[in-house]
Amino acid sequence: MTFRATVLTLYPEMFPGPLGTSLAGRALGEVRWSLEARNIRDHAIDKHRTVDSTPAGGGAGMVLRCDVLAAALDAVADGRPMLAMTPRGAPLTQARVRALASGEGAIVLCGRFEGYDERIFEARDVEPVSIGDYVLSGGELGAMVLLDACVRLLPGVMGAPDSGKEESFESGLLEYPHYTRPVDWEGRTIPEVLRSGDHAKIAAWRHSMALRDTRLRRPDLFERRGGAQGSSPSGAQRED
Ligand code: SAH
């Protein structure tokens with residue numbers, strides 16, 4: 001089964017963009033996933049191909065029209081989840097990405113200007129998704145972020161089948177820090193334990209580093225998993 005991505009955008013020429021390179025690009029070439037970028041403007045109804053209008057109630061900017069958005073969605077709707085990129089959405093998580101990657105694909109709506117007429121969320125089964133607490137100028141980069149995160153999880157895309165297992169967020173923690181050659185660099189050495197060959201000790205050290213960094217950098221994640229609970233020295237267990 002190929003993961004099928006359909007992106008609805010005013011700037012289809014932005015795709016595949018970075019998704020045509022490296023891991024995602026190779027997977028695209030190998031038809032492990034497909035990508036179609038469609039222009040929302042093709043679904044405009046008037047002769048000027050208008051997609052937006054001024055905000056009801058006043059204020060700056062323009063708003064994407066719900067009739068045009070609905071026509072664009074209806075033209076591709078086929079049971080795949082429909083997501084709309086918006087800072088007003090629920091933040092994207094690795095768990096959501098994993099669920100999407102195990103499905104048939106996704107239809108991703110990209111906003112521009114001030115965003116969408118809210119009625120689209122009432123009239124169609126569209127999930128509002130945010131990629132973080134900041135404001136982009138358009139949903140396209142958000143759609144690329146979402147699709148990149150999904151594609152790397154598809155079967156056969158990542159080199160080693162295990163390379164995703166211990167990663168950040170998979171166990172509710174950030175990943176432990178990595179080191180590689182040279183052993184000595186600017187007077188700094190790779191932690192002794194990593195050179196010990198003692199796999200149990202290495203796993204315990206990595207787990208304690210993951211806990212330390214999560215507590216320092218992401219107290220929100222740390223709290224959510226119940227503080228130091230789960231700090232067993234065996235380390236690499238998945239807890240999702
Ligand atoms: N006025 C809106 C922001 C519009 S930004 C607000 O304050 O909520 C224009 C478009 O960029 C949005 O419709 C959305 O598609 C995209 N966008 C901006 N920030 C985003 C984010 N954090 N996550 C996902 N999409 C985002």
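This note goes through the ligand site, the domains and some backbone details of a predicted model.

1. Ground rules. Residue numbers start from 1 along each chain as its sequence is written, and side-chain values use heavy atoms, with hydrogens and water left out. The model is predicted, with local features needing pLDDT of at least 70 and side-chain atom pairs pLDDT 80 or more, while totals for chains, interfaces and linings use all residues.

2. Ligand shell. The ligand is surrounded by 20 residues (a residue is near if one of its heavy atoms lies within 4 Å). M85, G111, G132, Y134 and L136 are the closest. By class, the shell holds 9 nonpolar, 8 polar and 3 charged residues. Here Ala, Val, Leu, Ile, Met, Phe, Trp, Tyr, Cys and Pro are nonpolar, Asp, Glu, Lys and Arg are charged, and the others, Gly among them, are polar.

3. Polar contacts. These are pairs of N or O atoms within 3.5 Å; within protein, one must be able to donate a hydrogen and the other to accept it, and residues adjacent in sequence count only if both atoms are side-chain atoms. Y116 uses its side chain instead, with an N or O atom 3.5 Å from a ligand oxygen. On its own the ligand has 560 Å² of accessible area, and the protein covers 86% of that (Shrake-Rupley method, 1.4 Å probe; for residues, only the protein chains shown count as cover).

4. Elements at the site. Two elements give two or more residues to the shell: β5 (82–91) and β7 (126–130). β5 gives the most, with 4 residues. Helices (H or I, at least four residues) and strands (E, at least two) are DSSP runs, numbered from the N terminus.

5. Domains. The chain is assigned domain 1 (3–151) and domain 2 (166–240). Such bounds come from an automatic or database domain assignment. The C-alpha centres of the two domains lie 35 Å apart.

6. Cis peptide bonds. F15 to P16 is cis, with omega near 0°. P16 sits in the loop between β1 (3–9) and α1 (22–29). R181 and P182 are also joined by a cis bond, with omega about 0°. P182 lies in the loop between α5 (140–151) and β8 (184–185).

7. Positive phi. Which residue other than glycine has phi near 55°? V31 does. V31 is in the loop between α1 and β2 (33–39).
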